[in-house]
Amino acid sequence: MPERILIVDDEPDMLRLLEMIIKEKTTYTPVITNNPLEAIELAKQGGFDLVITDLKMPGLDGIELLDTIKRLDENIPVIVITAYGTIESAIEIMGKGGFDLITKPFKKEQIIYTINRAFKWAQLQKENKMLKERLKNIES
């Protein structure tokens, strides 16, 4: 089953662009919404392997969405995209468990590279957790 990516951006053009890039260049399944509150409801239902969110959105910004996603599943990578990237916002995003911050405009290759890197990281996290459990069982 292909990995599912939840994409949240209040700009419809950006949603369509990200959806198109992912569908054309990967085997991943994008699910898009322009409503961060809907994104939370979708995330609560589960089944997503990655979240991509815009930083600046009305109602609920990307950092608040990141916080909520991480409370639901601390292991899911979250990539934040913004046209307003600053060192401070990058530090805050990473400090809250964000996987990466990408500034607009970005190249298709950059977003695909970051998505693939996030999936590899998540796989390593799962393997690490499994190996720790095995080691714990052997030591018991």
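This is a predicted model: local features need pLDDT of at least 70, side-chain atom pairs count only at pLDDT 80 or more; totals for chains, interfaces and linings use all residues.
**Aromatic pairs**

The structure holds 2 aromatic pairs, and their geometry is set out below.

| Pair | Centre to centre | Angle between the planes | Class |
|---|---|---|---|
| Y28 and F119 | 4.5 Å | 55° | tilted |
| F99 and W121 | 5.7 Å | 55° | tilted |

Y28 belongs to the loop between α1 (12–25) and β2 (29–33), while F119 is part of helix α5 (residues 108–139), so this pair ties together parts that lie 91 residues apart in sequence. Y28 and F119 are both buried.

In the pair of F99 and W121, F99 comes from the loop between α4 (87–95) and β5 (100–103) and W121 from helix α5, so parts 22 residues apart in sequence are tied together. F99 has a relative accessibility of 14% and therefore counts as buried. W121, with a relative accessibility of 29%, counts as partly exposed.

**A charge over a ring**

R4 is positioned over the face of F48, and its distance from the ring centre is 4.3 Å.

**Contact of α2 with α3**

Helix α2 (residues 36–45) and helix α3 (residues 62–72) have axes that come within 10 Å and cross at roughly 10°. The two helices, α2 and α3, are therefore roughly parallel to each other. On the α2 side the contact involves P36, A39, I40, A43 and K44, which meet L65, T68, I69 and L72 of α3. By class, the residues of this contact comprise 7 nonpolar, 1 polar and 1 charged.

Technical notes
Residues are numbered from 1 along each chain as its sequence is written. Side-chain values use heavy atoms; hydrogens and water are left out. Rings of Phe, Tyr and Trp (its six-membered ring) pair if their centres lie within 6.5 Å; planes under 30 degrees apart count as stacked, over 60 as edge-to-face and the rest as tilted. Helices (H or I, at least four residues) and strands (E, at least two) are DSSP runs, numbered from the N terminus. Buried means under 20% relative accessible area, exposed over 50%, partly exposed in between (1.4 Å probe, protein chains only). A charge sits over a ring if NZ of Lys or CZ of Arg is within 6 Å of the ring centre and within 35 degrees of the ring normal. Axes are lines fitted to C-alpha atoms, for helices over the stretch in contact, and angles run from 0 to 180 degrees between N-to-C directions. Angles under 35 degrees count as roughly parallel, over 145 as roughly antiparallel, 65 to 115 as roughly perpendicular and the rest as oblique. Contact means heavy atoms within 4.5 Å. Ala, Val, Leu, Ile, Met, Phe, Trp, Tyr, Cys and Pro count as nonpolar, Asp, Glu, Lys and Arg as charged, and the others, Gly among them, as polar.
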